[in-house]
Every structure is written in C-alpha cells, then in structure tokens.
Amino acid sequence: MNKIAFGPIPSRRLGRSLGINNIPPKTCTYSCVYCQVGRTTAMALERGAFFAPEEIFEAARAKVAAARRHGEPVDYLTFVPDGEPTLDVNLGRELDLLRPLGVKVAVITNSSLLGREDVRADLARADWVSVKVDAVDEEPWRRVNRPHGGLRLDDILNGIREFAAAFAGTLATETMLVAGANDAPEHVAAVAEFLAEIGPTVAYLSVPTRPPAEGTVRPPAEETVARAYDAFASRGLRTELLIGYPGDAFAFTGNVEDDLLSITAVHPMREEAVAELLAKAGASPAVVEKLVADGMLAAVEFGGKKFYVRTFRAAGGGGEGEG
Ligand code: SF4
C-alpha cells in the first residue's frame, strides 16, 4: 500500500516532517546497494506522471489539517518517496500547489536528473533540497549507486553545480559511506572537494544502519567515518553525521551519558572536549570507559589525536536514513 502523505515524523534535519510519497515503489534512476526500500524494480530515466498533483495536494492538506487539529506542529512537507522524486514530471506543479498550506517544502533527491534544466527549475521551487553525492569518481559511483545505463556522472555533477549556484533556498548534501565501496580516502577527499565547491549549508555523512538492498553491505569502521568527517570539516564544510540516531548535539539534557551519545551521533568528539564535558558535569572518566566497554562509543585515533565516535554497527535504525 502506497500512502501519499505520512507522518509527521521527527527528523533531525527538518524538525517535524510530513512525508510525501509522489513515486510508486520502487521507481528509481539508481539501485543503491544500501537502499532500505530494497532493489529497484522499475529502473527509469524518463520523467513520468504518477499521481494527479491535486491528489497529492489533497493528501497533504488533510494531513496538515489533522496535525493542526491535534496541536502537532508541521515544520516541513518533505518529498521523500520510495524512489526518486524528480522522476515525477509534475513535481514543480505539486510544489506550487502546496505553497498555500503555509508549510516549508523539502525535497530529498538522488541528484541523478539534475543535469536536466526542467528538473532544476522544479527543485528551485522548494525551500530545502538535499542532494545525494556518494561519489564523484566513476568507479565508486557505479559500485554504490548502480545507476541507470543512460546516466552520465559528468552531467550529474555539472547539474548539481548549476543548481547550487542558482538555488535561493537551503542546500544540504548527503553522502552515504559503504565499506570497501566508496570509503577510500582518495574517494572521500574528492567528494569533499566537490562539496566545498558547491558550498552546501550542511553536508551530512551517513552510514547504512537499516537492512540494505544487498546483504553484503556494511558500514565502514568508526575510524573511517571519523576520518571522512575530518576530510569534510577541514574543507570548511559544516558537517554532521547522520548515523541512524536522532542525536542533537545542541540539546543538553544534563545527563552526561545521554549528552555524550547525542553529541557523538552528530560529530566525533576530541578527547579534550570529552574531558571538558565530564568536568563540567562533575562526572568521572569511568562514564566514558563504561560507554566504550558497552560498545556504545568507540575510541579512534588518527592524526595523532584521540576521538570518540558513536558506534553504529549494531544500530537497529531509528531516526533518519531516507533514500
Ligand atoms: S537509496 Fe534512494 S536513490 Fe538509491 S535506490 Fe534507494 S530510493 Fe533510489
């Protein structure tokens, strides 16, 4: 059953987000090895009409009205279907129709069609757009995203550049790291360089934490993720980890364990920063040792420094991780 509007659900990126599913499952230009919706059954390259724009508007309008009746805020209407939202030829019209609801609109795209002028024009109508950039080199791109044979990486990267230069809303990027597929330092450095060029407001780094399309897919080691974070941040990118926990680095609870876990779910913490937090809370280093012993935190070292990262291998999901 394909529900057109669902939620609102809490999203770290977007607050309370009401999801909009404008594509039948699983229609996509990619068949990412980590896709949590499974393998792509309808590989597509051409845009098409799936639902009537009025039907999408009505589903969203009813959900927003119900949420408001229950006093639940809706911060964003988010196009996050079980496929690629820009394959919908009516996306621009739908964004225009939704405007009078008075809620900001977000689109999470895999970027593969950004080489097209009409797709960029549609996305320009949104308030917040996240573009997927898992790789900027041919080999890892093919390995991780398994693109439709008609797609060309150069066109996509140029399309992202053009879109980023003209977009007046908030631009985010999302990079999913898969062990042995796109997590080599040179591939990560190339992605960081590209992202620095397009200048997103925030660059998200994620790892597969939910059951992926291919059983062989594994998240990289914590150390690899911490290095990738560093490669991004040292390029001047505001970088956040999105590893399946609804962490919020800025909401201090006063409970030192919770605070350590939520901060490290967003970014690796230097040893000194951890010591400072413990001192402020009057807590002993044993708290951290216990979290490491329990497998909740990992201590990793690189560049001569020690960092703590939230572990994610055993994570059952929760939080984000949209396609
Ligand atoms: S992760 Fe997103 S882009 Fe990749 S196959 Fe799944 S729906 Fe398509």
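**Reading rings, burial and strands**

Reply: Arg-13 lies over the face of Tyr-204, at 5.5 Å from the ring centre. A charge sits over a ring if NZ of Lys or CZ of Arg is within 6 Å of the ring centre and within 35 degrees of the ring normal. This is a predicted model, in which local features need pLDDT of at least 70 and side-chain atom pairs count only at pLDDT 80 or more, while totals for chains, interfaces and linings use all residues. Residues are numbered from 1 along each chain as its sequence is written, and side-chain values use heavy atoms, with hydrogens and water left out.

Me: How many aromatic pairs does a search of the whole structure find?

Reply: A pair of aromatic rings is described by the distance of the centres and the angle of the planes. Rings of Phe, Tyr and Trp (its six-membered ring) pair if their centres lie within 6.5 Å; planes under 30 degrees apart count as stacked, over 60 as edge-to-face and the rest as tilted. The search finds 2 pairs here. Tyr-30 and Trp-141 are edge-to-face, at 6.4 Å centre to centre with 75° between the planes. This pair links distant parts of the chain, 111 residues apart: Tyr-30 is in the loop between E3 and strand E4 (42-43), and Trp-141 is in helix H4 (residues 138-145). Helices (H or I, at least four residues) and strands (E, at least two) are DSSP runs, numbered from the N terminus. Phe-163 and Phe-167 have ring centres 4.7 Å apart and planes at 25°, so they are stacked.

Me: Is Trp-141 buried or exposed?

Reply: Buried means under 20% relative accessible area, exposed over 50%, and partly exposed in between (1.4 Å probe, protein chains only). Trp-141 is buried, with a value of 1%, and Tyr-30 is buried at 3%. Phe-163 and Phe-167 are both buried as well.

Me: In what order do the strands of the open sheet stand?

Reply: Strands of a sheet pair through backbone hydrogen bonds, either parallel or antiparallel. Two strands pair if DSSP finds at least two bridges between them. The open sheet has 3 strands in the order E11-E13-E12, with antiparallel pairing. E11 and E12 stand at the edges with a single partner strand each, so one side of each lacks a neighbour in the sheet. E11 (residues 269-270) pairs with E13 (residues 305-310) over 2 bridges, and E12 (residues 297-302) pairs with E13 over 6 bridges. Phe-307 in E13 stands opposite Arg-270 and also opposite Val-300.
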